Amino acid sequence: MIIEYRKPSAALAPFVDHLWEKQVEDTGIIPYDIETIFPEDQTVLTYSLGKDYYRSHANTDHFKEINGIQLEGLHQAPNFYKHQPGIHIFGVKFRVGGLFAFLPSPISETNNVSSEADTLLTDLPSLSHTINFDQRCEAIEAYLLGHLIEKQAKKYLKLLLMLQELDADSSAMSSSYKTLSRLFQEVIGISPKEYVQIKRINQSLALFASTKDIKSQDLADQLGYYDSAHFINEFKKYTGKTPKNLKNSLFDMKDSEFIDEFKQYISPEHLLHYTSIFHKN
């Protein structure tokens with residue numbers, strides 16, 4: 001399996017987290033049966049340039065064949081994927097709310113669904129499998145820069161500024177909450193409360209990835225939960241598993257095997273992103 005990863009240009013950095021590509025040769029091996037991606041706060045534009053792959057939302061009962069260009073909105077339950085040798089997927093992962101700056105329709109309509117991207121975004125470029133990863137990145141970046149909706153970009157940047165101000169002075173929350181809540185619903189499609197819940201679950205996954213035998217109470221304390229029961233209930237709501245269930249399934253693995261196995265639960269680039277943030281903090 002080949003995974004490419006690239007940060008966006010400076011002009012797109014406020015809106016796009018990274019560009020990526022996953023490819024498996026026809027004779028290659030998929031190291032898992034089902035890949036599970038837990039809820040995260042980012043949206044993804046994907047191009048399927050090889051064989052079809054399959055996605056199911058919230059359960060493993062209804063896999064849908066995926067090909068062409070798809071837009072996957074913010075998801076509030078796990079997404080499950082089946083891949084096969086011969087897949088070739090190119091993707092753009094937007095920052096939280098970043099897609100709003102390019103989307104003419106309400107962002108909430110994209111939540112929890114995978115849609116044909118050309119029904120939501122106009123004039124999408126055709127990215128051939130014959131060009132290389134960097135050329136695909138340059139083509140999609142040129143497209144996004146040419147389709148930035150200035151009015152919506154300003155709203156998105158206003159939300160980012162408010163979040164920065166609240167980080168610096170949490171006492172401003174009460175006076176700003178109504179405006180913040182309205183902007184969240186418009187720009188991200190969920191409430192600030194749910195955004196915080198999803199962020200904390202992703203942080204707990206990063207802690208699991210770095211210290212697999214960490215206790216639920218320790219996780220709850222580090223992430224600011226009132227008690228471990230609250231944390232366990234919230235973890236199960238978003239992942240479908242309790243921390244103990246997840247830990248038991250991975251407990252006997254060596255460190256390297258653990259990280260490899262954990263990629264079934266959270267995409268490698270997303271896992272690396274959050275673990276790097278955790279280690280920096």
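I count two strands as paired if DSSP finds at least two bridges between them. Helices (H or I, at least four residues) and strands (E, at least two) are DSSP runs, numbered from the N terminus.

**Entry 1. Ground rules**

This is a predicted model, so I note that local features need pLDDT of at least 70, that side-chain atom pairs count only at pLDDT 80 or more, and that totals for chains, interfaces and linings use all residues. Residues are numbered from 1 along each chain as its sequence is written, and side-chain values use heavy atoms, with hydrogens and water left out.

**Entry 2. Overall counts**

I find nine helices and eight strands in the protein. I looked up burial next (buried is under 20% relative accessible area, exposed over 50%, partly exposed in between, with a 1.4 Å probe and protein chains only). Of the 281 residues, 49% count as buried. Then I checked contacts (heavy atoms within 4.5 Å). Among contacts with a separation of 6 or more, 71% join residues 24 or more positions apart.

**Entry 3. Strand S2 and its partners**

I started with strand S1 (residues 2-6), which pairs with S2 in the antiparallel sense over five bridges. Tyr5 stands opposite Trp20 in S2. S2 also pairs with strand S7 (residues 88-94), again antiparallel, over seven bridges. There, Lys22 has Ile89 of S7 as its bridge partner. How many of the eight residues of S2 are buried? I get seven, so I log strand S2 (residues 16-23) as mostly covered.

**Entry 4. Strand S6 and its partners**

Strand S6 (residues 79-82) pairs with strand S3 (residues 35-37) over three bridges, in the antiparallel sense. Phe80 in S6 is the bridge partner of Thr36. I then turned to strand S4 (residues 44-57), which pairs with S6 in the antiparallel sense over four bridges. Arg55 stands opposite Tyr81 in S6.

**Entry 5. Two loop residues**

I picked Leu74, in the loop between strand S5 (64-72) and S6. Is Leu74 buried or exposed? It counts as buried, because its relative accessibility is 2%. Gln42 is 32 residues away in sequence, yet the two C-alpha atoms are 5.8 Å apart. Leaving out residues up to four places away in sequence, I list the contacts of Leu74 as Glu40, Asp41, Gln42, Thr43, Thr110, Asn111, Asn112, Ile188, Ile190 and Ile198.

Next I looked up Pro125, in the loop between strand S8 (114-116) and helix H1 (133-146). Pro125 is buried too, with a relative accessible area of 18%. Its C-alpha atom is 9.6 Å from that of Ala142, 17 residues apart along the chain. Neighbours within four places aside, Pro125 touches Tyr47, Ile69, Ala139, Ile140 and Tyr143.

For packing, axes are lines fitted to C-alpha atoms, for helices over the stretch in contact, and angles run from 0 to 180 degrees between N-to-C directions. Angles under 35 degrees count as roughly parallel, over 145 as roughly antiparallel, 65 to 115 as roughly perpendicular and the rest as oblique. For residue classes, Ala, Val, Leu, Ile, Met, Phe, Trp, Tyr, Cys and Pro are nonpolar, Asp, Glu, Lys and Arg are charged, and the others, Gly among them, are polar.

*H4 with H5.* Helix H4 (residues 192-210) packs on helix H5 (residues 216-223) at about 130°, with axes 10 Å apart. The two are therefore oblique to each other. From H4, the contact uses Arg200, Gln203, Ser204, Leu207 and Phe208; from H5, Leu219, Gln222 and Leu223. I class these as four nonpolar, three polar and one charged.

*H5 with H6.* How far apart are the axes of H5 and helix H6 (residues 228-239)? I read 8 Å, at an angle of about 90°. That makes H5 roughly perpendicular to H6. Ser216, Gln217, Leu219, Ala220 and Leu223 of H5 meet Ser228, Phe231 and Ile232 of H6. The contact holds five nonpolar, three polar and no charged residues.

*H4 with H6.* These pack at about 95°, axes 10 Å apart. H4 is thus roughly perpendicular to H6. On the H4 side I note Glu194, Gln197, Ile198, Arg200, Ile201, Ser204, Leu205 and Phe208, and on the H6 side His230, Phe231, Glu234, Phe235, Lys237, Tyr238 and Thr239. By class I log seven nonpolar, four polar and four charged.
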